[in-house]
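Reader: I would like to learn how to read a structure like this. Could you take me through a few features?

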Amino acid sequence: MQLKNDLFLRAARGEKTERTPVWLMRQAGRILPEYRAVRSSLRDFKELVETPELASEVTIQPVDLLGVDAAIIFSDILVVPEAMGLTYEMQEQKGPIFPRTVQTLKDIEQLREADPEEDLGYVLEALRITKRALNGRVPLIGFAGAPWTIFAYMIEGSGSKTFSKARKMLYTEPEMAHKLLRKITNTTIKYLQAQVQAGANLIQVFDSWAGILPPEHYRTFSYAYIKEICEALPDVPVTVFAKGAFFSMHDFANLPCQVIGLDWNMNIAEARAALGPDKTLQGNLDPCALYSDFATIRKETIKMLDAFGPDRHIANLGHGVYPDTNPDHVRCFINTVKEYSEQMRKA
Ligand SMILES: Cc1c2[nH]c(c1CCC(=O)O)Cc1[nH]c(c(CCC(=O)O)c1C)Cc1[nH]c(c(CCC(=O)O)c1C)Cc1[nH]c(c(C)c1CCC(=O)O)C2
(Lines give C-alpha, C1' and ligand atoms only; values in the text may rest on other atoms or scores of the structure.)
Protein backbone atom coordinates (compact mmCIF):
# COMPACT_ATOMS: atom_id res chain seq x y z
CA MET A 1 0.00 0.00 0.00
CA GLN A 2 1.43 3.34 -1.12
CA LEU A 3 1.29 5.96 1.66
CA LYS A 4 -0.41 9.23 0.74
CA ASN A 5 1.45 11.13 3.47
CA ASP A 6 4.89 9.69 4.17
CA LEU A 7 6.52 12.85 5.60
CA PHE A 8 7.04 11.14 8.97
CA LEU A 9 8.84 8.12 7.50
CA ARG A 10 10.93 10.22 5.14
CA ALA A 11 12.03 12.49 7.97
CA ALA A 12 12.82 9.40 10.08
CA ARG A 13 15.08 8.11 7.30
CA GLY A 14 16.79 11.49 7.01
CA GLU A 15 15.31 12.48 3.64
CA LYS A 16 14.36 16.05 2.86
CA THR A 17 10.67 16.92 3.32
CA GLU A 18 8.47 19.83 2.20
CA ARG A 19 7.62 20.52 5.84
CA THR A 20 8.32 19.06 9.28
CA PRO A 21 6.04 16.14 10.21
CA VAL A 22 4.21 16.33 13.54
CA TRP A 23 2.44 13.98 15.95
CA LEU A 24 2.06 13.80 19.75
CA MET A 25 2.94 11.11 22.22
CA ARG A 26 -0.33 10.10 23.95
CA GLN A 27 -2.39 11.67 21.17
CA ALA A 28 -4.75 8.66 21.36
CA GLY A 29 -6.16 9.38 24.77
CA ARG A 30 -8.08 11.51 27.16
CA ILE A 31 -7.46 14.90 25.50
CA LEU A 32 -10.17 14.06 22.97
CA PRO A 33 -13.84 14.05 24.05
CA GLU A 34 -14.37 11.46 21.29
CA TYR A 35 -11.91 9.16 23.09
CA ARG A 36 -13.62 9.69 26.45
CA ALA A 37 -16.96 8.84 24.82
CA VAL A 38 -15.67 5.46 23.59
CA ARG A 39 -13.94 4.80 26.90
CA SER A 40 -16.96 5.65 29.07
CA SER A 41 -19.08 2.97 27.40
CA LEU A 42 -16.62 0.32 28.62
CA ARG A 43 -15.76 -1.39 31.90
CA ASP A 44 -12.22 -0.04 32.00
CA PHE A 45 -9.04 0.91 30.15
CA LYS A 46 -8.07 -2.72 29.61
CA GLU A 47 -11.29 -3.50 27.81
CA LEU A 48 -10.44 -0.75 25.31
CA VAL A 49 -6.89 -2.05 24.90
CA GLU A 50 -8.14 -5.60 24.37
CA THR A 51 -10.96 -4.84 21.90
CA PRO A 52 -9.22 -4.43 18.51
CA GLU A 53 -12.08 -2.61 16.71
CA LEU A 54 -12.29 0.03 19.44
CA ALA A 55 -8.52 0.31 19.90
CA SER A 56 -8.36 0.94 16.17
CA GLU A 57 -11.11 3.57 16.34
CA VAL A 58 -9.31 5.62 19.01
CA THR A 59 -5.99 5.19 17.17
CA ILE A 60 -7.46 6.92 14.12
CA GLN A 61 -9.32 9.69 16.00
CA PRO A 62 -6.31 12.05 16.23
CA VAL A 63 -5.63 11.62 12.50
CA ASP A 64 -9.19 12.78 11.72
CA LEU A 65 -9.62 15.30 14.52
CA LEU A 66 -6.15 16.82 14.96
CA GLY A 67 -4.47 16.33 11.59
CA VAL A 68 -1.32 14.56 12.82
CA ASP A 69 1.13 12.99 10.36
CA ALA A 70 1.26 9.57 12.06
CA ALA A 71 -1.03 7.25 14.03
CA ILE A 72 0.26 5.37 17.10
CA ILE A 73 -1.49 2.12 17.91
CA PHE A 74 -3.66 2.41 21.01
CA SER A 75 -2.26 -0.01 23.59
CA ASP A 76 0.07 0.19 26.58
CA ILE A 77 3.64 -0.82 27.38
CA LEU A 78 2.27 -2.95 30.25
CA VAL A 79 0.70 -5.54 27.93
CA VAL A 80 4.17 -7.13 27.77
CA PRO A 81 4.53 -7.98 31.48
CA GLU A 82 0.96 -9.20 31.36
CA ALA A 83 1.74 -11.51 28.43
CA MET A 84 4.67 -12.86 30.47
CA GLY A 85 2.37 -13.78 33.35
CA LEU A 86 2.18 -10.64 35.48
CA THR A 87 -1.26 -9.06 35.12
CA TYR A 88 -1.76 -5.33 35.66
CA GLU A 89 -4.75 -3.27 36.74
CA MET A 90 -5.27 0.32 35.64
CA GLN A 91 -6.65 2.37 38.51
CA GLU A 92 -8.56 5.51 37.57
CA GLN A 93 -6.57 8.68 38.32
CA LYS A 94 -3.76 6.62 39.87
CA GLY A 95 -2.18 4.59 37.13
CA PRO A 96 -1.07 0.99 36.84
CA ILE A 97 -0.81 -1.51 39.71
CA PHE A 98 0.58 -5.05 39.59
CA PRO A 99 -1.08 -7.19 42.30
CA ARG A 100 1.88 -9.60 42.08
CA THR A 101 5.46 -8.41 41.54
CA VAL A 102 8.81 -10.04 40.84
CA GLN A 103 11.09 -10.40 43.87
CA THR A 104 12.96 -13.70 43.66
CA LEU A 105 14.75 -15.90 41.14
CA LYS A 106 11.80 -18.27 41.33
CA ASP A 107 9.44 -15.45 40.35
CA ILE A 108 11.60 -14.79 37.30
CA GLU A 109 11.75 -18.47 36.35
CA GLN A 110 7.96 -18.65 36.49
CA LEU A 111 7.54 -15.88 33.92
CA ARG A 112 7.16 -17.04 30.34
CA GLU A 113 8.64 -15.63 27.19
CA ALA A 114 5.40 -14.67 25.50
CA ASP A 115 4.24 -15.79 22.09
CA PRO A 116 3.01 -12.66 20.23
CA GLU A 117 0.13 -14.27 18.31
CA GLU A 118 -1.08 -16.27 21.27
CA ASP A 119 -0.61 -13.79 24.11
CA LEU A 120 -0.77 -10.40 22.35
CA GLY A 121 -2.95 -11.26 19.37
CA TYR A 122 -5.37 -8.46 20.27
CA VAL A 123 -2.69 -5.80 19.63
CA LEU A 124 -1.69 -7.43 16.34
CA GLU A 125 -5.34 -7.59 15.28
CA ALA A 126 -5.77 -3.89 16.21
CA LEU A 127 -2.76 -3.07 14.01
CA ARG A 128 -4.16 -5.02 11.06
CA ILE A 129 -7.61 -3.40 11.37
CA THR A 130 -6.06 0.07 11.75
CA LYS A 131 -3.78 -0.42 8.79
CA ARG A 132 -6.78 -1.31 6.62
CA ALA A 133 -8.91 1.56 7.94
CA LEU A 134 -6.13 4.14 7.52
CA ASN A 135 -5.97 3.19 3.87
CA GLY A 136 -2.48 4.71 3.55
CA ARG A 137 -3.43 8.14 4.89
CA VAL A 138 -0.53 8.26 7.37
CA PRO A 139 2.07 5.80 8.67
CA LEU A 140 1.27 3.60 11.68
CA ILE A 141 3.60 3.51 14.70
CA GLY A 142 4.01 0.34 16.76
CA PHE A 143 5.67 0.45 20.18
CA ALA A 144 6.88 -1.27 23.31
CA GLY A 145 8.50 -0.26 26.58
CA ALA A 146 12.28 -0.57 26.87
CA PRO A 147 13.27 -3.62 28.95
CA TRP A 148 14.54 -1.46 31.80
CA THR A 149 11.25 0.44 32.12
CA ILE A 150 9.23 -2.82 32.05
CA PHE A 151 11.64 -4.33 34.60
CA ALA A 152 11.09 -1.32 36.87
CA TYR A 153 7.29 -1.81 36.83
CA MET A 154 7.60 -5.58 37.37
CA ILE A 155 9.79 -5.19 40.46
CA GLU A 156 8.08 -2.15 41.90
CA GLY A 157 4.47 -3.11 41.12
CA SER A 158 3.43 0.46 40.28
CA GLY A 159 4.85 3.84 39.45
CA SER A 160 7.24 5.19 42.08
CA LYS A 161 9.11 8.39 42.86
CA THR A 162 12.43 6.64 43.28
CA PHE A 163 12.03 3.10 41.88
CA SER A 164 14.44 2.20 44.67
CA LYS A 165 13.52 -1.51 44.74
CA ALA A 166 14.29 -1.84 41.03
CA ARG A 167 17.51 0.18 41.31
CA LYS A 168 18.59 -1.71 44.43
CA MET A 169 18.48 -5.01 42.53
CA LEU A 170 21.04 -3.71 40.04
CA TYR A 171 23.54 -3.46 42.94
CA THR A 172 22.55 -6.45 45.06
CA GLU A 173 21.50 -9.04 42.48
CA PRO A 174 22.95 -7.97 39.11
CA GLU A 175 22.84 -11.47 37.62
CA MET A 176 19.22 -11.91 38.60
CA ALA A 177 18.44 -8.51 37.08
CA HIS A 178 20.07 -9.60 33.82
CA LYS A 179 18.02 -12.84 33.83
CA LEU A 180 14.80 -10.84 34.00
CA LEU A 181 15.96 -8.26 31.44
CA ARG A 182 16.89 -11.12 29.09
CA LYS A 183 13.40 -12.60 29.31
CA ILE A 184 11.74 -9.22 28.77
CA THR A 185 14.04 -8.46 25.82
CA ASN A 186 13.36 -11.80 24.10
CA THR A 187 9.61 -11.27 24.44
CA THR A 188 9.82 -7.65 23.28
CA ILE A 189 11.83 -8.54 20.16
CA LYS A 190 9.33 -11.18 19.06
CA TYR A 191 6.44 -8.84 19.86
CA LEU A 192 7.87 -5.92 17.88
CA GLN A 193 8.74 -8.14 14.91
CA ALA A 194 5.12 -9.33 14.94
CA GLN A 195 3.94 -5.70 15.03
CA VAL A 196 5.97 -5.00 11.90
CA GLN A 197 4.45 -8.10 10.26
CA ALA A 198 1.00 -6.78 11.22
CA GLY A 199 1.65 -3.46 9.49
CA ALA A 200 3.59 -1.11 11.80
CA ASN A 201 5.69 1.27 9.65
CA LEU A 202 7.98 2.42 12.45
CA ILE A 203 8.65 1.19 15.98
CA GLN A 204 9.11 3.46 18.99
CA VAL A 205 10.78 2.16 22.16
CA PHE A 206 9.72 4.04 25.30
CA ASP A 207 12.33 4.11 28.07
CA SER A 208 10.27 6.26 30.41
CA TRP A 209 12.45 5.56 33.46
CA ALA A 210 15.85 5.96 31.77
CA GLY A 211 16.61 9.13 33.70
CA ILE A 212 16.74 7.52 37.14
CA LEU A 213 19.84 5.39 36.46
CA PRO A 214 23.48 6.37 36.86
CA PRO A 215 25.19 6.41 33.43
CA GLU A 216 27.12 3.19 33.97
CA HIS A 217 24.06 1.26 35.04
CA TYR A 218 22.16 2.73 32.14
CA ARG A 219 24.73 1.37 29.71
CA THR A 220 24.71 -2.13 31.20
CA PHE A 221 21.09 -2.61 32.18
CA SER A 222 19.22 -0.58 29.58
CA TYR A 223 21.22 0.57 26.56
CA ALA A 224 22.63 -2.91 25.83
CA TYR A 225 19.13 -4.40 25.58
CA ILE A 226 17.73 -1.50 23.53
CA LYS A 227 20.61 -2.03 21.10
CA GLU A 228 19.59 -5.67 20.67
CA ILE A 229 16.03 -4.61 19.96
CA CYS A 230 17.18 -2.12 17.30
CA GLU A 231 19.35 -4.80 15.68
CA ALA A 232 16.38 -7.17 15.53
CA LEU A 233 14.28 -4.70 13.50
CA PRO A 234 16.22 -4.13 10.28
CA ASP A 235 13.16 -3.53 8.07
CA VAL A 236 11.62 -0.41 9.66
CA PRO A 237 12.94 2.80 11.21
CA VAL A 238 13.18 2.70 15.00
CA THR A 239 12.76 5.62 17.44
CA VAL A 240 14.31 5.42 20.89
CA PHE A 241 12.79 7.77 23.45
CA ALA A 242 14.74 7.56 26.69
CA LYS A 243 13.30 10.13 29.02
CA GLY A 244 15.93 11.95 31.08
CA ALA A 245 18.88 10.13 29.50
CA PHE A 246 20.79 13.31 28.57
CA PHE A 247 23.94 11.58 29.84
CA SER A 248 23.66 8.89 27.13
CA MET A 249 23.43 11.02 24.02
CA HIS A 250 26.98 10.16 22.91
CA ASP A 251 26.15 6.45 23.25
CA PHE A 252 22.89 6.89 21.35
CA ALA A 253 24.88 8.23 18.39
CA ASN A 254 26.04 4.62 17.91
CA LEU A 255 22.65 2.91 18.26
CA PRO A 256 21.48 1.20 15.08
CA CYS A 257 18.28 3.27 15.05
CA GLN A 258 17.16 6.21 12.93
CA VAL A 259 15.38 8.51 15.41
CA ILE A 260 16.12 9.69 18.96
CA GLY A 261 13.34 11.27 21.02
CA LEU A 262 14.26 14.24 23.18
CA ASP A 263 12.40 15.37 26.28
CA TRP A 264 12.00 19.06 27.06
CA ASN A 265 14.98 19.16 29.44
CA MET A 266 17.30 18.46 26.56
CA ASN A 267 19.26 21.25 24.89
CA ILE A 268 18.56 20.85 21.18
CA ALA A 269 21.92 22.09 19.87
CA GLU A 270 23.86 19.96 22.37
CA ALA A 271 21.81 16.87 21.52
CA ARG A 272 22.34 17.45 17.80
CA ALA A 273 26.10 17.80 18.34
CA ALA A 274 26.30 14.66 20.48
CA LEU A 275 24.16 12.53 18.15
CA GLY A 276 25.86 13.58 14.93
CA PRO A 277 24.46 13.93 11.41
CA ASP A 278 22.96 10.45 11.04
CA LYS A 279 20.09 10.65 13.52
CA THR A 280 16.69 12.30 13.15
CA LEU A 281 15.56 14.02 16.36
CA GLN A 282 11.99 13.94 17.66
CA GLY A 283 10.52 16.34 20.18
CA ASN A 284 10.61 18.30 22.34
CA LEU A 285 8.17 21.03 23.38
CA ASP A 286 7.31 21.10 27.08
CA PRO A 287 3.75 19.65 27.32
CA CYS A 288 2.96 22.50 29.74
CA ALA A 289 3.50 25.04 26.96
CA LEU A 290 0.12 23.88 25.63
CA TYR A 291 -1.59 25.32 28.71
CA SER A 292 -0.66 28.84 27.60
CA ASP A 293 -2.54 31.11 25.18
CA PHE A 294 -2.38 30.68 21.39
CA ALA A 295 0.21 33.44 20.90
CA THR A 296 2.56 31.82 23.42
CA ILE A 297 2.06 28.35 21.95
CA ARG A 298 2.96 29.74 18.51
CA LYS A 299 6.00 31.55 19.85
CA GLU A 300 7.32 28.51 21.74
CA THR A 301 6.67 26.18 18.78
CA ILE A 302 8.50 28.49 16.37
CA LYS A 303 11.42 28.76 18.78
CA MET A 304 11.60 24.97 18.85
CA LEU A 305 11.39 24.65 15.04
CA ASP A 306 14.16 27.21 14.59
CA ALA A 307 16.38 25.37 17.06
CA PHE A 308 15.95 22.02 15.28
CA GLY A 309 16.14 23.45 11.78
CA PRO A 310 14.39 22.01 8.72
CA ASP A 311 16.30 18.74 8.39
CA ARG A 312 16.06 15.53 10.38
CA HIS A 313 13.34 16.71 12.75
CA ILE A 314 9.96 15.23 13.70
CA ALA A 315 7.96 17.71 15.77
CA ASN A 316 6.43 16.37 18.98
CA LEU A 317 6.21 17.19 22.67
CA GLY A 318 8.97 16.24 25.09
CA HIS A 319 6.65 13.63 26.68
CA GLY A 320 3.02 12.59 26.41
CA VAL A 321 0.37 15.31 26.12
CA TYR A 322 -1.31 15.89 29.49
CA PRO A 323 -4.92 14.67 29.59
CA ASP A 324 -6.44 18.04 30.60
CA THR A 325 -4.94 19.88 27.61
CA ASN A 326 -7.47 21.73 25.45
CA PRO A 327 -7.58 20.04 21.99
CA ASP A 328 -7.72 23.49 20.33
CA HIS A 329 -4.34 24.25 21.91
CA VAL A 330 -3.01 20.97 20.49
CA ARG A 331 -4.35 22.01 17.06
CA CYS A 332 -2.57 25.35 17.43
CA PHE A 333 0.72 23.49 18.02
CA ILE A 334 0.13 21.18 15.04
CA ASN A 335 -0.91 23.96 12.65
CA THR A 336 2.00 26.15 13.68
CA VAL A 337 4.41 23.31 12.88
CA LYS A 338 2.79 22.75 9.50
CA GLU A 339 2.70 26.43 8.47
CA TYR A 340 5.96 27.68 9.90
CA SER A 341 8.08 24.70 8.88
CA GLU A 342 6.97 25.12 5.27
CA GLN A 343 7.77 28.85 5.31
CA MET A 344 11.13 28.08 6.93
CA ARG A 345 12.12 25.97 3.90
CA LYS A 346 11.18 28.73 1.45
CA ALA A 347 13.00 31.49 3.29
C1 LIG B 1 5.10 4.60 31.18
C2 LIG B 1 4.07 4.28 30.11
C3 LIG B 1 2.82 3.64 30.32
N4 LIG B 1 2.23 3.52 29.09
C5 LIG B 1 3.01 4.07 28.11
C6 LIG B 1 4.21 4.52 28.74
C7 LIG B 1 5.39 5.10 28.02
C8 LIG B 1 5.22 6.53 27.67
C9 LIG B 1 5.31 7.46 28.83
O10 LIG B 1 6.35 7.56 29.46
O11 LIG B 1 4.28 8.13 29.08
C12 LIG B 1 2.76 4.14 26.66
C13 LIG B 1 1.40 4.37 26.17
N14 LIG B 1 0.20 4.34 26.86
C15 LIG B 1 -0.83 4.61 26.02
C16 LIG B 1 -0.32 4.77 24.71
C17 LIG B 1 -1.25 4.92 23.52
C18 LIG B 1 -0.86 5.56 22.31
C19 LIG B 1 -0.60 7.06 22.39
O20 LIG B 1 0.53 7.46 22.68
O21 LIG B 1 -1.51 7.83 22.07
C22 LIG B 1 1.08 4.66 24.80
C23 LIG B 1 2.14 4.81 23.72
C24 LIG B 1 -2.26 4.69 26.36
C25 LIG B 1 -2.65 5.01 27.75
N26 LIG B 1 -2.13 4.49 28.91
C27 LIG B 1 -2.80 4.99 29.98
C28 LIG B 1 -3.81 5.87 29.52
C29 LIG B 1 -4.81 6.63 30.40
C30 LIG B 1 -5.86 5.74 30.97
C31 LIG B 1 -7.26 5.98 30.44
O32 LIG B 1 -7.49 6.52 29.37
O33 LIG B 1 -8.15 5.55 31.15
C34 LIG B 1 -3.72 5.89 28.13
C35 LIG B 1 -4.61 6.64 27.16
C36 LIG B 1 -2.56 4.64 31.40
C37 LIG B 1 -1.14 4.50 31.84
N38 LIG B 1 -0.20 3.68 31.28
C39 LIG B 1 1.00 3.85 31.94
C40 LIG B 1 0.79 4.76 32.99
C41 LIG B 1 1.86 5.22 33.97
C42 LIG B 1 -0.54 5.16 32.94
C43 LIG B 1 -1.28 6.03 33.93
C44 LIG B 1 -1.01 7.47 33.71
C45 LIG B 1 -2.08 8.08 32.87
O46 LIG B 1 -3.26 7.92 33.24
O47 LIG B 1 -1.77 8.75 31.89
C48 LIG B 1 2.25 3.14 31.59
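This is a predicted model: local features need pLDDT of at least 70, side-chain atom pairs count only at pLDDT 80 or more; totals for chains, interfaces and linings use all residues.

Reader: Where does UniProt place the feature "binding site"?

Author: An annotation in a record is a list of positions, and it may be inferred rather than shown by experiment. Here the unreviewed UniProt entry lists Arg 26, Gln 27, Ala 28, Gly 29, Arg 30, Asp 76, Tyr 153, Ser 208 and His 319. These positions span 294 residues of sequence, and in space they are spread too, with up to 22.8 Å between C-alpha atoms.

Reader: Is Gln 27 buried or exposed?

Author: To decide, count the other C-beta atoms within 10 Å: a residue with 20 or more is buried, and one with 12 or fewer is exposed. Gln 27 has 27 of them, so it is buried. In the chain, Gln 27 sits in the loop between α1 (7-12) and α2 (33-40). Leaving out residues up to four places away in sequence, Gln 27 touches Pro 62, Leu 66, Val 68, Ile 72 and Val 321.

Reader: And how does Asp 76 count, buried or partly exposed?

Author: Partly exposed is the class between those two cut-offs. Asp 76 has 17 C-beta neighbours inside 10 Å and therefore counts as partly exposed. Asp 76 belongs to the loop between β1 (71-72) and α5 (79-83).

Reader: Which residues other than glycine have a positive phi?

Author: One case is Phe 163, with a positive phi of about 50 degrees although it is not a glycine. Another is Arg 312, where phi is near 50 degrees. Phe 163 lies in the loop between α9 (147-156) and α10 (164-172), while Arg 312 lies in the loop between α15 (294-308) and β9 (313-317). Phe 163 is partly exposed because 19 other C-beta atoms lie within 10 Å; Arg 312, with 24 such neighbours, counts as buried.

Reader: Which residues come nearest to the ligand?

Author: A shell can be read by who is in it and by what kind of residues they are. Of the 21 residues around the ligand, the nearest are Ala 28, Gly 29, Gly 95, Phe 206 and Ser 208. By kind, the shell divides into 11 nonpolar, six polar and four charged residues.

Technical notes
Residues are numbered from 1 along each chain as its sequence is written. Helices (H or I, at least four residues) and strands (E, at least two) are DSSP runs, numbered from the N terminus. Two residues are in contact if their C-beta atoms, placed from the backbone, lie within 7 Å. A residue is near a molecule or strand if its C-beta atom, placed from the backbone, lies within 6 Å of it. Ala, Val, Leu, Ile, Met, Phe, Trp, Tyr, Cys and Pro count as nonpolar, Asp, Glu, Lys and Arg as charged, and the others, Gly among them, as polar.
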